[in-house]
Amino acid sequence: MTQGRYYFRFNLYHRILHGMVIVSFLGLAVTGLPLKYAQTGWGLGLSRALGGPFTAGDLHRFFAIITFTYFALHLGYIARLVLLRRPGIFWGPDSMVPQPRDLLQMGQHVRYFFGWGPRPRFGRWAYWEKFDYWAVFWGVSIIGASGLLLWFPTLFARYLPGWVFNVAIIVHSDEALLAVGFIFTMHFFNAHLRPEKFPMDPVIFTGRLEEEEFLRDHPEEYERLRAEGRLESRRADPPPRWLRNFSLVVGLTSVAIGLVLIWLIVATALK
């Protein structure tokens with residue numbers, strides 16, 4: 001009864017923004033890691049492949065501009081919703097703000113993993129999706145702020161003591177490594193590599209998910225939309241072939257790049 005029926009989960013604006021996140025994050029990782037691992041053979045080789053450290057630095061700043069752009073667009077999007085007084089932005093079933101229910105469902109999920117209870121009935125956002133969101137929000141804020149200090153040291157040195165820049169180097173480097181480790185392991189597993197999604201979940205590219213998947217992964221949202229008479233407004237045509245192919249090529253390429261980089265990092269740490 002449900003086969004072949006699709007519903008929108010992400011609109012075009014959110015998909016474009018996430019596309020900017022993918023491009024900028026992979027670009028920052030590829031251009032930044034050779035500097036942190038300049039003492040390794042793969043770090044030196046990757047730096048040379050990018051045209052040398054100065055070219056890699058220019059590319060790194062280019063991807064940083066994309067990061068600041070999508071972050072500003074997202075903040076503007078939130079500000080617009082606040083000004084329009086849209087309900088449920090900071091609380092409720094559609095909010096990204098962590099709520100007591102998320103802690104409860106996390107505990108239920110752990111019990112489900114061990115076969116001690118049923119799977120939690122998630123709404124629009126599961127607890128790990130909120131964690132992903134705030135991890136990126138925090139990471140962009142901290143890495144971006146420290147990166148600006150290092151990008152324009154002469155400007156900020158007029159107002160800040162020298163030790164701040166030493167701290168900025170450590171924060172920028174270590175926080176970036178933490179972000180790379182998290183995205184290329186936890187986020188990749190949750191979004192693409194777990195059994196229900198393997199080898200990848202194309203929803204962020206197509207914006208659509210099948211009704212069967214909707215009922216399995218977000219049953220509370222499905223039932224709430226149906227009870228409110230808003231479910232049919234989410235109906236969508238199946239994603240066209242070109243979009244499915246685009247999703248596979250871009251998605252699998254991104255996952256492959258991330259897994260190779262995390263393998264290089266781990267292999268270096270184990271030496």
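**Exercise 1. The largest nonpolar core**

Find which residues of the largest nonpolar core touch the most other members, and which elements give two or more residues to this core.

*Solution.* Start with the core itself: in this predicted model, the largest nonpolar core has 30 residues. Next, pick out the members with the most contacts to other members: Leu33, Val180, Phe184, Phe214, Leu231 and Ile265. Then turn to the elements. Two or more core residues come from each of helix H1 (12-36), helix H7 (163-193), helix H8 (203-206), helix H10 (219-227) and helix H11 (241-270). Last, look for another core. Apart from the largest one lies a core of seven residues, including Leu17, Met20, Tyr70 and Val140.

**Exercise 2. The surroundings of leucine 231**

List the residues that leucine 231 touches, leaving out those up to four places away in sequence.

*Solution.* Set aside the sequence neighbours up to four places away. What remains is Tyr7, Phe214, Tyr222, Leu225 and Arg226.

**Exercise 3. H1 against H11**

Describe how H1 and H11 are arranged, and name the residues that meet.

*Solution.* Take the geometry first. The two axes come within 11 Å and cross at roughly 30 degrees. Angles under 35 degrees count as roughly parallel, so H1 and H11 are roughly parallel to each other. Their crossing is left-handed. Now the contacts. H1 brings Arg15, Ile22, Leu26, Ala29, Val30 and Leu33. H11 brings Leu243, Ser254, Ile257, Leu261 and Ile265. Sort them by type: nine are nonpolar, one is polar and one is charged.

**Exercise 4. H1 against H7**

Work out how H1 and H7 are oriented to each other, and sort the residues of their contact.

*Solution.* The axes lie 11 Å apart, at an angle of about 130 degrees. H1 passes H7 in a left-handed crossing. From H1 come Phe25, Leu26, Ala29, Leu33 and Lys36. They meet Ser173, Asp174, Leu177, Ala179, Val180, Ile183 and Phe184 in H7. The contact divides into nine nonpolar residues, one polar and two charged.

**Exercise 5. Phenylalanine 189**

Decide whether phenylalanine 189 is buried, partly exposed or exposed.

*Solution.* Locate the residue: phenylalanine 189 is in helix H7. Its relative accessible area is 43%. Buried needs under 20%, and exposed needs over 50%. Phenylalanine 189 is therefore partly exposed.

Methods: Residues numbered from 1 in each chain as written. Predicted model: local features only at pLDDT ≥ 70, side-chain atom pairs only at ≥ 80, totals over all residues. Heavy atoms only, no water. Core = buried A, V, L, I, M, F, W, Y, C linked by side-chain atoms within 4.5 Å. Buried < 20%, exposed > 50% of the residue type's maximum accessible area, 1.4 Å probe, protein only. Helix = DSSP H or I, 4+ residues; strand = E, 2+ residues; numbered from the N terminus. Contact = heavy atoms within 4.5 Å. Axes fitted to C-alpha atoms, helices over the stretch in contact; angles between N-to-C directions. Parallel < 35°, antiparallel > 145°, perpendicular 65-115°, else oblique. Left-handed = near helix turned anticlockwise from the far one by under 90°. Nonpolar A, V, L, I, M, F, W, Y, C, P; charged D, E, K, R; others polar.
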